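These are my notebook entries on a structure that I went through chain by chain, with the cut-offs written down where I used them.

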Amino acid sequence: MKSLLKHLSPFAPDQSGAVSALFDFGGLIVICDAGGCTGNICGFDEPRWFIRRSAVFSAGLRDMDAILGRDDKLVSKLQAAMDGSGLKFSAIIGTPVPAIIATDFKALKRMAEKRTGLPVITVPTTGTHYYDRGASDAWLELFKTFATEHFSIYYDMVGILGASPLDFPTLDAGNLLSAALTKDGWKSVKCYGMGADLDDIRAASAATKNIVVSPAGLAAAKYLEKTFGTPYEVRCPWLPPQALDALPALAGKKTLVIHQQFAANAVRDAILKLDPASQVDVASWFIMEPEFMRENDFHIESEEAFIEAVANGGYDAIVCDSRLRVALPRTMAFKNIDFPHFAVSGRLLDEAK
Amino acid sequence: MNHAFSITAAELAARGRENIPPELLSSAHLIYSSPATLAFNSPGAQGFGVKRAGLAVPGSVMLLVAPACCGRNTSALGCEAALAERFFYLMQDDTDIVTGRHLARIPEAVKEVCDSCATRPSAVMICITCVDALLGTDMERVCRKASDYAGVPVVPCYMYALTREGRLPPMVSVRRSVYSLLRPREKVPTSVNILGFFSPLRNDAELYTLLHSAGVRAIREISRCADYEEYQAMAEANFNLVLNQEARHAAADLQKRLGIPSVELARLYQTDKIANQYRLLGQAVGAEFDDAPFRERAEQVIANFRNRFGHRTFAVGEWLNADPFELSLSLIRNGFAVSEIFGTVGGSNFVYVRKIAALSPDTKIYSNLSPSMMFYDGKESHCDTVVGRDAMYYHPELPGVAWNDERQPFGYAGVAALFGELANALSGKEEHAR
């Protein structure tokens, strides 16, 4: 059965992706839920929540709130929490509950902006999609809301779009990605979501170009290109050394790389650089942008399809989060290189060692 | 909002139960989910939430029928391999949550799950969430259909976070679910069940000794049942001892279905109240318990602690194995001070607030769930010792105990163990994780 998981547990959902994208910007984030979704997001999908106080709240919806659609009550609670807090914006993140009762997020945004007098971002996630979609929507809304002014280009400045712990499983990912670009000669690197602040978002139009490190950043990159003419480049300037160090053993082999598409593509490039005769396919459970796919790349639709693809693929090696290994029969013989993906296993690199 | 809201016990008692300030009522504000509150604010988040609790039935597996987001944190529960192998997921998509078409797939999914298990499960617990609460799903009917199709008992577990403050909150409902598979058996007068927790009482709980002294031979707890047959033997009990009010509904169901009456005991830390409770239990079951040696020991442990560490000032949290207000009252009555309590004031514990107000009017009461807790500053506190995992979060620099082990403390032994652990923490004998 396509929708049945018998070995794996569900991956990070869209609402977690949305919170991850917005977490670093000092706004008040309200998850429009009864408490359970917030527990999942904070307690599992947002590792930064454990190390610093953050304004992430549950709307605390109860059955009658949902049945009667008491948006005004939610807005009043939001206003009370914002008053005197010094926070610069708020965000309302959707979950299955508003999806079922068809909450009008546009109206909610207007009401909340009127009451708080500050920008409000709404992301109508439903909990049924994966994190990258939620993150993509949140990035886009964030830039649409705050990156409104056209600044002169600052020629030494580059932006990084699509970085979050869900895709780069270390809390230091912002610094590591930025350092890689600094090495390339960029003097000012703004890693949106992991290091950059709200003023950097406002000044996003000053960037010479943007580097898109995951499919979640692509929609925002296209928006910035269309609005300000900022070009973008898709590439992954940093990958976990533990995965890279193991790649020489894969030269000349048939390998499947499973991760977010752009990181997986970077691993493929690294293997092909070692031996252009290697055969490397990329697959992902998450967004696969057709323009960055090669022949034999594929989207993984289900646990069943994953097992079948590996069984029939004739791969010598698989580079993926080792958590995925539990779905595969032990009789399947191939080399497994661990490439942690927080959105899959909830493991940070330090924990993966 | 730029400082943490608190109210003194005296002010709160003066306002009365009907006039609790909105800052202490979770329905009146956004809910601040800090690391201090996660475990009890989310019915599936940590510890024994609905998902893990539903697996209390020996040999059972769980099929979570929900959008992917609801099952996400189960990856963390799945760190224990044995538990991971008992979770399965039927994921709902956008169309499912609007049309409810996923319900038709459940019987087949249950069968596929059973067929994939090396050992046939004793039961399949179907965990459903807010989605089906709003769709108004008749899951009892779906479970009957799935049971007929797959040839295995199928039981619904309602993880309805939306109903957390309703008549039947998730953790109350799941307790009924896990006992719902018991079938009528001939009563055995010397058998007793302990209801309330999903993990056993500490082995040193005097309750075991007292019940044995009254002629009870079999004391059963669901978490100690090795297999499904032993679990079914719970149906022979002469009476149920309910140690957590969240099990009241389950006990009432067992009385109705199996004719097993129940007696409720509270987990207390005031030794005179514990004694009173045992006296009343004795009257109810026609026995006289000799609890004096246990009481003496517990009071001696408290005295030793006081002599050794002097007049301590406590911060007491609510993420712990106690009612924070009852525990605070106990500490105050034993000669200690309580400067602050992080707790949820409700109908059942307001009586303790009044008593605390009389003895320690300046004790501050905070709500963990108030958005203002984002601004809590522990430097303004006068406490020097903390109890409760949440209190430890607010005061990471102070010695204390989390006191939220899965093994459940109860009675005098619980009191003695608490002060024993506190003594260890204060003397630095044990390294306490912070």
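What radius of gyration would a compact globule of 434 residues have, and what does chain B have? I noted that the globule would come near 22 Å and that chain B has 23 Å, which agrees; the radius is taken over C-alpha atoms, and the globule rule is 2.2 Å times the number of residues to the power 0.38.

Before going further I recorded that this is a predicted model, in which local features need pLDDT of at least 70 and side-chain atom pairs count only at pLDDT 80 or more, while totals for chains, interfaces and linings use all residues. Residues are numbered from 1 along each chain as its sequence is written, and chains are lettered from A in the order in which they are written.

**Chain B overall.** I found that its C-alpha trace spans about 65 × 55 × 45 Å along the principal axes, and that chain B has 20 helices and 15 strands (DSSP runs numbered from the N terminus, H or I of at least four residues for helices and E of at least two for strands). Buried residues make up 52% of the 434, where buried requires 20 or more other C-beta atoms within 10 Å of the residue's own, with C-beta atoms placed from the backbone.

**Interface.** I looked up the contacts between the chains, defined by C-beta atoms, placed from the backbone, within 7 Å, and 55 residues of chain B touch 54 residues of chain A. Among the elements giving two or more residues to the chain B side are strand 4 (87-91), helix 7 (94-99) and helix 8 (106-116). Strand 4 of chain B also runs antiparallel to strand 1 (residues 4-5) of chain A, with two bridges joining them, and pairing requires at least two DSSP bridges. Leu4(A) stands opposite Leu90(B) there.

**Helix 1 of chain A.** I checked residues 14-22 and found nine of the nine buried, so this helix is largely enclosed by the rest of the structure. Its residue Leu22(A) is, leaving aside neighbours within four places in sequence, in contact with Gly27(A), Ile29(A), Ala91(A), Ile121(A), Ala138(A) and Leu142(A).

**Core.** Leu22(A) came up again in the largest nonpolar core, of 257 residues, as one of those touching the most other members, together with residues including Trp139(A), Leu63(B) and Ile126(B). Such a core is a set of buried Ala, Val, Leu, Ile, Met, Phe, Trp, Tyr and Cys residues joined through C-beta atoms within 7 Å. Helix 20 (residues 411-427) of chain B gives the most to this core, with nine residues.

Methods: A residue is buried if 20 or more other C-beta atoms lie within 10 Å of its own, exposed if 12 or fewer, and partly exposed in between; C-beta atoms are placed from the backbone. Two residues are in contact if their C-beta atoms, placed from the backbone, lie within 7 Å.
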